[in-house]
Amino acid sequence: MQIQPKRILIVTDSLGAPRFVNDEKITYNDTWIYKVITFLKKYDFEFVFLTINGLDSVQLLQLTRDKLLLYEADIVIFQFGIVDCAPRVLKELEIKLLSIFKLSWIAKRIISKYHAFLSSLRSIQQVGLKEFTKNISEIYMLFNDNNIKIVHVPIAPACKEY
């Protein structure tokens, strides 16, 4: 009888994915996912990974309920939170209104020039701290109830611009 290798499920937002950020090219070999898989290959793990651009804790909670538990992983490695917590310059409604009135180009010019100042001044988050904390707790509970070990990779700079 052959022993089944332990399954590791890796779920991340775009910070774990290959991508271009302005002039910087981040290849698959540069990603933290590649580095973890390469390091752990010698231990005979099976890997499944999902990278979802714009993944926030609200989406991750729904994804956990609908799909992630079905992978029957032994270990899940998460990296998310920058979409939830990164300070924003504009609210979703403001972005929509600028688009409707065809003023997006003006906003982009101003925001790109003063992004750091404006985002710290306005301090808008996609998901508030209270909801973010609640979502993480529920995600952890769902995996713990299914005896799945969790590793949460903290938000870390993934490119020079971030």
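Q: Which helices each supply at least two residues of the nonpolar patch?
A: Helix H4 (92-100) and helix H5 (104-122) do. Helices (H or I, at least four residues) and strands (E, at least two) are DSSP runs, numbered from the N terminus. The model is predicted: local features need pLDDT of at least 70 and side-chain atom pairs count only at pLDDT 80 or more, while totals for chains, interfaces and linings use all residues. Residues are numbered from 1 along each chain as its sequence is written, and side-chain values use heavy atoms, with hydrogens and water left out.

Q: What makes the nonpolar surface patch?
A: The patch, of about 1200 Å², is made by Leu93, Leu97, Ile100, Phe101, Leu103, Trp105, Ile106, Ile110, Tyr114, Phe117 and Leu121. A patch takes residues with over 30% relative accessible area and no salt bridge; nonpolar side chains (Val, Leu, Ile, Met, Phe, Trp, Tyr) are joined within 5 Å, like charges within 9 Å. A salt bridge is a side-chain nitrogen of Lys or Arg within 4 Å of a carboxyl oxygen of Asp or Glu. Areas come from the Shrake-Rupley method with a 1.4 Å probe, and for residues only the protein chains shown count as cover. H5 gives the largest share, 6 residues.

Q: Why is Phe117 called exposed?
A: Phe117 lies in helix H5. Its relative accessible area is 54%. Exposed means over 50%, buried under 20%, and partly exposed in between (1.4 Å probe, protein chains only). Phe117 is therefore exposed.

Q: Why is Thr64 called buried?
A: Thr64, in helix H2, has a relative accessible area of 0%, so the word buried applies. Not counting residues up to four places away in sequence, Thr64 touches Leu69, Ile139, Leu142 and Phe143. Contact means heavy atoms within 4.5 Å.

Q: How do you know that the buried residues of H1 line one face of the helix?
A: In H1 (residues 32-40), Trp32, Ile33, Ile37 and Leu40 are buried. Seen down the axis, these residues fall within an arc of 130°, so they line one face. The arc is that of the directions from the helix axis to the C-beta atoms. Their cover includes strands S1 (7-12), S4 (46-51) and S5 (75-79).

Q: What makes a nonpolar core, and which residues have the most contacts inside the largest one?
A: A nonpolar core is a set of buried Ala, Val, Leu, Ile, Met, Phe, Trp, Tyr and Cys residues joined through side-chain atoms within 4.5 Å. The largest has 20 residues, and Val11, Leu60, Leu68 and Phe78 have the most contacts inside it. S1, S4, H2 (57-66), S5 and H6 (129-145) each supply at least two residues of this core, and H6 gives the most, with 5 residues. Apart from this core lies another, of 9 residues, among them Ile10, Ile33, Leu40 and Ile75.

Q: Why is Glu72 called exposed?
A: Glu72 sits in the loop between H2 and S5. Its relative accessible area is 62%, so Glu72 is exposed. Phi of Glu72 is near 50°, a positive value in a residue other than glycine.

Q: Why is Asn147 called exposed?
A: Asn147 has a relative accessible area of 69%, so Asn147 is exposed. It lies in the loop between H6 and strand S6 (149-152).
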